[in-house]
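Student: I want to learn how to read a model of this kind. Where do we begin?

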Amino acid sequence: MKNNKFVLPELLAPAGDWETLKVGVAAGADAVYIGGKLFSARQYAPNFDHEELAKAADYLHLRGRKLYVTVNTLIKQEEIDGLLEYIDYLSQIGADAVILQDLGALYLVRTYWPHLPVHASTQMTVHDGAGVRFLQNLGVERVILSRELSWEEIKAIHEENSVQLEVFVHGALCVAYSGACLFSSLVGGRSGNRGRCAQPCRLTYTLYQNRKKGNPVLVSDREKHLLSPKDLALISALPQLITAGVSSLKIEGRMKGAEYVGSVVSTYRKALDRYAEDPAHFQVTPVEQKALATVFNRGFSSGYFLGDLGPDLISPDRPNNRGRYIGRVKAYDGKRKKCLVKLEENLAEGDGVEIWVKVGGRVGTIVEDLTVNGKKVEEAQAGTEAWFALPKPVKAGDRVFLTSSRLLSQKIQEMMRNDYPGGKLPCTLRVGVTPGEPLFLEMEGLDAKVTVRSAEKAQVATKRPLTEETLKNHLTRLGDTPFRAASFTATIEGEPMLPFSQLNQVRREAVVLLSEKILAAHRRPPHDFPVINREEDEAKTGYKRSGPSFLTVFAGNLDLLKVALASGVPKVIFGGESFTPGFRWTSEHLAEGMELARRSGARAVIALPRITREREKKRVIDALRTSHELRPDGLLISHLGSLQMVLAESELPVYANYPFHFFNSYTPKIFDRQRIKGFTLSPELTKGEILALVNHQEFDQIEVELIVFGALELMVSQFCPVGAWAGQKPPQTCPRPCRQGQYFLRDRKAIDFPVVVDDFCRMHLLNSKYLSLLREFPLLGEKRLSLRLELRHQNPELAAKVIRIFQTALAAGGSEEDQSALEAILDLGLTRGHFYRGVE
């Protein structure tokens with residue numbers, strides 16, 4: 001929608017099934033995003049099969065709305081053929097865009113379907129202007145930004161780039177950077193990168209601080225939902241979102257029901273339209289706030305959009321629906337099993353309520369037998385005291401929350417009707433009729449126009465000639481069609497007469513022709529698959545990668561680097577974030593590290609941080625300039641923004657880290673001609689999947705790296721539980737308790753997960769066990785791989801022992817004696833991760 005100063009952003013609704021799609025359209029969404037049965041990041045939603053996808057595309061296009069289809073999981077090599085067929089199907093049915101996470105999928109879509117718009121999923125972890133620019137240069141039409149960005153950062157990104165920006169404005173928040181979380185994958189085998197996240201972050205944890213002597217010290221309350229954020233609600237921030245240049249406002253919720261989608265979409269629609277009419281006086285109304293609180297929510301926050309909230313981001317007491325507060329219990333009658341509530345909001349028969357009792361959790365019910373002053377009522381008003389049936393006892397003072405609304409349910413049912421006006425395309429109808437000529441009907445919508453003439457000619461009326469009212473009554477009767485008559489004009493000459501059956505037939509033909517014309521503009525021809533298949537066949541040459549592998553150490557500080565070099569490892573990585581209190585990788589420290597590596601004759605790669613916010617850009621540019629002077633053997637990068645900055649600021653070789661999710665042979669092709677020297681395979685791959693990738697001949701001259709030891713990062717989060725629960729402050733005023741000791745989160749099964757905080761105040765949650773592929777060295781040692789030891793979080797003494805054990809194993813093939821020696825020196829258990837079990 002336009003006014004004289006700005007364009008309103010698109011309102012984008014979720015849909016996990018057909019009902020929510022219809023409701024989203026009726027509520028005023030400009031576009032809807034859905035997933036198919038394949039390659040969708042919400043595999044536990046009902047989703048849409050092929051026939052339903054085509055039906056959804058037609059339904060939306062006939063109503064002037066857009067369809068975006070999520071193809072936002074990582075793609076395994078054996079799934080490539082299925083992916084190609086699926087993308088081609090989506091292209092043919094007229095999908096307005098595909099939402100992608102996998103960089104290999106991006107390469108394929110841009111190569112073979114250059115006409116098909118691509119939206120970069122938030123799972124790509126794009127959080128800076130440089131990353132947006134990289135994707136823009138690849139022809140990506142829209143980037144869905146990480147949820148961690150402030151509105152100032154989004155505005156700066158918009159000013160640097162021309163690509164559309166999409167931002168989540170309402171719904172569930174992940175505590176981790178999307179695409180930077182392996183928690184569900186490594187702990188439960190259900191990968192968020194494959195659409196099967198089990199949400200372990202929503203479970204209960206207790207934060208402890210380790211002491212050098214004695215037992216750990218309790219920091220937080222016991223068994224609270226310390227990693228479970230409140231839901232995002234940015235309706236009050238619509239002015240800032242528009243000022244920042246956001247193109248699309250995205251509502252989360254493909255797993256949510258029709259009531260949630262209908263209520264949230266209609267509320268944002270009304271607010272957006274009101275802002276367009278009078279931006280200077282825009283305010284969110286109490287009615288709108290109540291509407292959002294009535295449907296599923298965990299409590300609301302502004303996320304990171306208006307600044308880092310620290311502990312206020314989290315809902316530690318409740319990981320699921322909170323509802324809307326409506327009053328308190330005044331009394332409970334145990335004999336009648338009825339509850340008396342002093343209402344602060346209206347309450348109706350059929351509403352769902354939940355009472356938060358002081359002991360024992362919560363008591364929920366559907367309101368029945370509602371009475372006020374002894375009289376049965378359909379609805380009790382705010383300010384009254386109302387009785388209703390409640391089977392379980394509660395106490396005076398307990399809070400009452402509305403969790404579902406009967407009136408809202410009725411409204412949603414109305415919105416699902418095919419004749420609901422909000423779900424129809426407004427059209428212009430013009431009709432002309434003259435005795436002796438066929439009647440003509442011109443119907444126009446979405447810049448498409450059709451003209452239909454009656455089969456019979458109009459006659460001169462002998463009794464009742466056609467009037468404008470009669471014509472309007474018959475020709476605008478559009479019923480269950482996708483259209484509604486926004487305007488109607490009739491030109492009548494003389495006193496014509498025509499059977500009503502002719503009028504109805506003309507109307508039906510016009511509807512069919514206009515529908516066909518609108519849909520024809522969206523459909524695309526199929527692609528020539530034999531071309532793709534021939535290229536695949538040519539790649540299958542029987543090549544097997546072979547040769548001696550070598551160890552690489554990723555060192556977290558200079559002391560660890562010295563230990564690694566003294567051990568004689570041929571390659572070291574250092575730089576990036578620091579997890580050592582009081583230490584930072586300054587230019588001087590990087591220079592010292594390079595000097596140590598040169599003396600030892602080892603190859604040296606300088607790492608850039610895993611995350612680079614706009615506000616941290618200067619530090620990264622400084623690191624790049626220092627690297628340019630030091631001339632390391634390459635730079636290790638972990639996100640697209642770093643890649644773009646390296647391309648702009650340096651000529652050094654590039655090593656791509658595992659956060660790029662190298663899952664298939666097409667992902668490295670995104671880096672073609674971009675100075676890629678090597679890449680690190682995803683830790684979610686199995687043995688068979690790893691071998692299938694390294695045996696591609698096109699990677700013969702590329703260094704392929706595999707992490708074989710380390711406490712893998714389960715997540716990277718802008719939220720820091722140490723600062724929140726030990727410091728009790730947001731980052732701006734945090735006393736930095738992370739510098740005073742080591743911390744861990746203990747889950748309900750008494751499993752401990754180390755928590756480390758980097759020098760950017762980002763939290764990295766580590767696995768409860770060390771990854772170790774030492775037993776696999778007889779195979780891995782002969783595949784010409786860089787075998788990485790992740791030692792950034794270790795002390796130098798332990799690191800030296802680990803290196804010696806792995807050196808012995810690499811030389812001799814890895815024995816049970818080596819395994820036992822490794823187990824003996826570690827404080828955590830060992831796991832082979834996904835090397836054998838894999839992810840679905």
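Tutor: Begin with burial. Buried means under 20% relative accessible area, exposed over 50%, and partly exposed in between, with a 1.4 Å probe and protein chains only. Helices (H or I, at least four residues) and strands (E, at least two) are DSSP runs, numbered from the N terminus. In helix α1 (residues 18–27), eight of the 10 residues are buried, so this helix is largely enclosed by the rest of the structure.

Student: What should I know about the model itself?

Tutor: This is a predicted model, where local features need pLDDT of at least 70, side-chain atom pairs count only at pLDDT 80 or more, and totals for chains, interfaces and linings use all residues. Residues are numbered from 1 along each chain as its sequence is written, and side-chain values use heavy atoms, with hydrogens and water left out.

Student: Which residues of α1 are buried, and what do they pack against?

Tutor: The buried residues are T20, L21, K22, V23, G24, V25, A26 and A27. Contact means heavy atoms within 4.5 Å. By that test, the buried part of α1 packs against β1 (10–14), β2 (31–35), α2 (50–61), α9 and α11 (406–415).

Student: How do I read a nonpolar core?

Tutor: A nonpolar core is a set of buried Ala, Val, Leu, Ile, Met, Phe, Trp, Tyr and Cys residues joined through side-chain atoms within 4.5 Å. Here the largest one has 212 residues. Those with the most contacts inside it are L135, L145, L227, L681, L765 and F806. Helix α9 (residues 258–277) gives the largest share of this core, 10 residues. A second, separate core has 27 residues, including C427, L439, V506 and A510.

Student: What does L681 touch?

Tutor: Leave out residues up to four places away in sequence. L681 then touches Y658, F662, I690, L693, V694, V704, E705 and L706.

Student: Which residues lie nearest the centre of the largest cavity?

Tutor: They are M124, T125, P659, F660 and H661, out of 17 lining residues. For sorting a lining, Ala, Val, Leu, Ile, Met, Phe, Trp, Tyr, Cys and Pro count as nonpolar, Asp, Glu, Lys and Arg as charged, and the others, Gly among them, as polar. This lining divides into eight nonpolar, seven polar and two charged residues.

Student: How do I read salt bridges?

Tutor: A salt bridge is a side-chain nitrogen of Lys or Arg within 4 Å of a carboxyl oxygen of Asp or Glu. There are 48 in this structure. Take R430 and E442, whose side chains meet at 2.5 Å, N to O. R430 lies in strand β23 (residues 425–433) and E442 in strand β24 (residues 438–445), so the pair ties together parts 12 residues apart in sequence. R430 is partly exposed at 26%, while E442 is buried at 16%.

Student: Which pair ties together parts that are 140 residues apart in sequence?

Tutor: R619 and D759. R619 lies in helix α17 (residues 617–630), and D759 in the loop between β38 (752–757) and β39 (763–766). Their closest N and O atoms are 2.5 Å apart. R619 is partly exposed at 23%, and D759 is partly exposed at 26%.

Student: Are R792 and E790 buried or exposed?

Tutor: Both are buried. They form a salt bridge with closest N and O atoms 3.3 Å apart.

Student: What about backbone angles?

Tutor: Most residues other than glycine have a negative phi. K337 has a positive phi, near 55 degrees. K337 sits in the loop between β13 (324–333) and β14 (338–343), and is partly exposed at 44%. Phi of D369 is also positive, near 55 degrees. D369 lies in the loop between β17 (362–366) and β18 (371–372), and is partly exposed at 35%.

Terms used: 1 Å grid on protein atoms, 1.4 Å probe; cavity = no way out; pocket = protein on both sides within 12 Å on 5 of 7 lines; lining within 4 Å.
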